[in-house]
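Here is a short briefing to read alongside the structure. Take a look at the fold, and then let us walk through it together.

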Amino acid sequence: MTDQLLWYTTRAAGAVSLVLLTAVVILGVLSALRFKAAGWPAFLTTGLHRNVALVTLVFLGLHIVTAVVDPFTNLGWVSAIVPFSSYYRTFWLGLGTIAAELLVAVVVTSLLRGLIGHAAWRVIHWLTYASWPIGVIHGLGTGTDAWSAWFFGVTCACVAAVGFAVVYRLVAGSRDPLAAPRASFRSEVERKSEP
Amino acid sequence: MTRMNHLEEVQSMISARGRAQRLLNTLTAGVAVAAVAGVGAFGYLSAATLPGATSLSTSTISTTSSSGTTSSSSSFGLSSSSGTVRSSSGSGVAVSGGS
């Protein structure tokens, strides 16, 4: 594999990872809203959210591995694990390392959800809202193609899509059909536990 | 609701879930294939917009004297320029003497 092919693959896999991560965030928002339609049960959204997140990890791995083994930048494996340890574009690459590690934490804790409990999983899952913008900033800051028309267009589309989804999530509120019974149950338990 | 109707409803729910599961598998495979194609497409765009190649070929420079144009171009694709060369005319001055 030539150095240039590695370089192209790094850039392309980074862009694909951004698109996939954007899809994961949007599907996560739809899952939180219990989205369903005719022929589209709610578990389909959740299942697709999980599967696309796993696919994202594969392409994020491709992005990282091809960047590390590229002899031109000579990043080394440490910079892929320890943020801000790279001599090359230290700050921007450090943001990429943080975004990737947050995503790995979110996916791993989702796979181990049964072991860590729902509350801990939920808190960690909110890190996705940090991982995605950090990844976008990493792409704009360190990306060789950041200001190329095609990559800039892709980034703008992703930002618009996630922005719309987050605003919709905030406006729509919780669609949990059991939200009210849960809230009343919690308040009842708290009331009875008071001395 | 009769027992028969209840069984039909359960069967319907099971088949709907099976259809949704197959749709999930198809969509996941589609996303994976699209992502692979995306790497190819974005890689092509990356190579087209910023190849990172440093090949050098001969540059051409052409100049016309008097009142004409001069132009130059290079294979870097970085710049090409052209401009007008203007000539001046006037009476010559002869210098003589001196030591």
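Helices here are DSSP runs of H or I with at least four residues, numbered from the N terminus. With that numbering, A:L112 is found in the loop between α4 and α5 of chain A. Please keep in mind that this is a predicted model.

**Overall architecture**
- Chain A has nine helices and zero strands.
- Read from the N terminus, the order of elements is α-α-α-α-α-α-α-α-α.
- Along the principal axes, the C-alpha atoms of chain A fill a box of roughly 65 × 40 × 25 Å.

**Packing of α1 against α8**
- Two packed helices are described by the angle between their axes and the distance between the axes.
- In chain A, helix α1 (residues 3-32) packs with helix α8 (residues 149-172) at an angle of about 10 degrees, and their axes are 10 Å apart.
- Angles under 35 degrees count as roughly parallel, so α1(A) is roughly parallel to α8(A).
- On the α1(A) side, the contact is made by A:A15, A:L18, A:V19, A:T22, A:V25, A:I26, A:V29 and A:A32.
- The α8(A) side brings A:W150, A:F151, A:V154, A:T155, A:C158, A:A161, A:V162, A:A165 and A:R169.
- Sorted by class, this contact of α1(A) with α8(A) has 14 nonpolar, two polar and one charged residues.

**A nonpolar patch on the surface**
- A:L54, A:V104, A:V108, A:L111, A:L112, A:L115 and A:I116 form a nonpolar patch on the surface, and together they have about 600 Å² of accessible area.
- Helices α4 (90-111) and α5 (113-116) of chain A each supply at least two residues of the patch.
- The most comes from α4(A), which gives three residues.

**The salt bridge**
- How many salt bridges are there over all chains? The count comes to one.
- A:E188 forms a salt bridge with A:R191, with the closest N and O atoms 2.7 Å apart.
- Both A:E188 and A:R191 lie in helix α9 (residues 179-193) of chain A, three residues apart, or about one turn of the helix.

Technical notes. Residues are numbered from 1 along each chain as its sequence is written. Chains are lettered from A and ligands numbered from 1 in the order in which they are written. This is a predicted model: local features need pLDDT of at least 70, side-chain atom pairs count only at pLDDT 80 or more; totals for chains, interfaces and linings use all residues. Side-chain values use heavy atoms; hydrogens and water are left out. Axes are lines fitted to C-alpha atoms, for helices over the stretch in contact, and angles run from 0 to 180 degrees between N-to-C directions. Angles under 35 degrees count as roughly parallel, over 145 as roughly antiparallel, 65 to 115 as roughly perpendicular and the rest as oblique. Contact means heavy atoms within 4.5 Å. Ala, Val, Leu, Ile, Met, Phe, Trp, Tyr, Cys and Pro count as nonpolar, Asp, Glu, Lys and Arg as charged, and the others, Gly among them, as polar. Patches are made of residues with over 30% relative accessible area and no salt bridge: like charges are joined within 9 Å, nonpolar side chains (Val, Leu, Ile, Met, Phe, Trp, Tyr) within 5 Å. Accessible areas come from the Shrake-Rupley method with a 1.4 Å probe; for residues, only the protein chains shown count as cover. A salt bridge is a side-chain nitrogen of Lys or Arg within 4 Å of a carboxyl oxygen of Asp or Glu.
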